Amino acid sequence: MFTPIHTSLGALLLYQSSSSLLLHNGSVLGVSSLLSGVMLSPSRDNVPIIAGLLSSVVPIYLFMPSLLPTYPAAPSSWASLLSTVGTGFLLGWGTKNGRGCTSGHMLCGLSRLSPRSLVATAIFVTTALITANFVSEIPPCRAGIPCYTPLYPSGFELAFMSGVTAITFITNALVVPRTLDRSDRSRLIFTYLAGIQFGTGLLISGMADPVKVLRFFAFATDPARFDPSLALVILFGILPSLITYLSVKPGRILNNDKDKQAKPTLADTYRLPTATVADIDWRFVTGAIVFGVAWGLRGVCPGPAVLRSVLQPTWGFAQMAGYLLGSLI
């Protein structure tokens, strides 16, 4: 069902976590590279944010379980287990060679006006759209009710989501700059916080719900199954990130002095991707296509996969085994 309030508030959390990680730590929130890093080369840059992502499930589970996705059944046979491993492999191989996923390219890349991310996003969204409509089976909503019918939160859900969003804005805008200094310890703390914020945003917005993602693609063939919720991620996630980026202009020269550049709150330099359109090759294009196929088949990308692995460990074991294998090749 169309969830305008849930998705709008969740998208604001996605915006806050990704933009604040850039403004405070000077780094980009690309879940696929962070997840591969945790598996293959753990460091202070990737472990805390994935730990935060995993931790975000806990407060939702304890205080507002109605916001958790209802997942398809976990693998119960060798065939379904191998299918999950295969999808994980496509996800790992695709995001490795495509150099990113929905967070790195679509949320963070488009908001930085990266032409390379625009190309990648166009490829994997188009591929996912085709795959979801002509290969996957997009589930209908309740009998006789179109999926574009609005569904609004209960009073308790609205209070919880609004409170979390307000606390996140206050923490990132006021608490962090005033209480943390420019140090490794401070960056470690905020990296963990950004992971919690991002995971909470995925859960509240519906991006973590694979069925909701697949229904978003349904407009091409079956309007009755179309759920437009995720379009609000563009309005309340990507657009505010773009405005923030253009306002701050990371790395800009200060006072016309080439030796003085704008710095992140907690770091000495910004660490932005340096690859350009000239770096696009066949592996990049093929990787984006393969990621799009995986996303269109199951409605899952790396960030939501981490969250689902906590709530469905059997699925998570198979998915992450395939993801690791794909990241190694």
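# Notebook: loops, pockets and rings

I started at leucine 113, which is found in the loop between H6 and H7. I'm working from a predicted model here. Leucine 113 has a positive phi of about 55° although it is not a glycine. I then looked up its accessibility: at 53%, leucine 113 counts as exposed, because the cut-off for that is over 50%.

Arginine 99 is found in the loop between H5 and H6. Its phi is near 60°, again a positive value in a residue other than glycine. Arginine 99 has a relative accessible area of 52%, so I noted it as exposed.

Next I picked alanine 11, which has its place in helix H1, residues 4-25. Is alanine 11 buried or exposed? At 0% relative accessibility, I put it down as buried. I listed what alanine 11 touches, leaving out residues up to four places away in sequence: Ser205, Leu232, Val233, Phe236 and Gly237.

Then I turned to phenylalanine 317, in helix H14 (residues 313-328). Phenylalanine 317 comes out at 66% relative accessibility, so this one counts as exposed. From its C-alpha atom to that of histidine 6 I get 29 Å, for residues 311 apart along the chain.

**Helix H3**

I wanted to know which residues of helix H3 (residues 47-55) are buried. My list reads Pro48, Ile49, Ile50, Gly52 and Leu53. These buried residues pack against H1, H2, helix H4 (57-63), H9 and helix H13 (302-311).

I looked for open space next. The largest pocket has a volume of about 800 Å³. It is lined by 33 residues, and the closest to its centre are Val28, Gly30, Ser33, Leu34 and Arg271. Which helices each supply at least two residues of that lining? I wrote down H1, helix H2 (31-40), helix H5 (78-97), helix H6 (102-111), helix H7 (115-134) and helix H9 (184-205). Sorting the lining of the largest pocket by class gave me 9 nonpolar, 14 polar and 10 charged residues.

The second largest pocket has a volume of about 570 Å³. Of its 26 lining residues, I noted Thr3, Ser66, Leu151, Asp209 and Lys212 as the closest to the centre. H1, H9 and helix H10 (210-216) are the elements that give two or more residues to this lining. By class, the lining of the second largest pocket has 13 nonpolar, 7 polar and 6 charged residues.

**Rings**

Last stop, the aromatics. I count 8 aromatic pairs. I looked at the pair of phenylalanine 124 and phenylalanine 291: the ring centres are 4.9 Å apart and the planes sit at 75°, so I call the pair edge-to-face. Phenylalanine 124 lies in helix H7 and phenylalanine 291 in helix H12 (residues 282-298), so this pair ties together parts that are 167 residues apart in sequence. Both phenylalanine 124 and phenylalanine 291 are buried.

I checked a further pair, phenylalanine 217 with tryptophan 295. This aromatic pair is edge-to-face, at 5.2 Å centre to centre and 90° between the planes. Where do the two partners lie? I found phenylalanine 217 in the loop between H10 and helix H11 (231-248) and tryptophan 295 in helix H12, so the pair ties together parts 78 residues apart in sequence. Phenylalanine 217 counts as buried at 2% relative accessibility, and tryptophan 295 is buried with a relative accessible area of 4%.

The charged end of arginine 308 sits over the ring of tryptophan 315, at 4.2 Å from the ring centre.

Methods
Residues numbered from 1 in each chain as written. Predicted model: local features only at pLDDT ≥ 70, side-chain atom pairs only at ≥ 80, totals over all residues. Heavy atoms only, no water. Helix = DSSP H or I, 4+ residues; strand = E, 2+ residues; numbered from the N terminus. Buried < 20%, exposed > 50% of the residue type's maximum accessible area, 1.4 Å probe, protein only. Contact = heavy atoms within 4.5 Å. 1 Å grid on protein atoms, 1.4 Å probe; cavity = no way out; pocket = protein on both sides within 12 Å on 5 of 7 lines; lining within 4 Å. Points joined across faces, edges and corners; volume = space filled by probe spheres on them. Nonpolar A, V, L, I, M, F, W, Y, C, P; charged D, E, K, R; others polar. Phe/Tyr/Trp six-rings, centres within 6.5 Å; stacked < 30°, edge-to-face > 60°. Lys NZ or Arg CZ within 6 Å of the ring centre and 35° of its normal.
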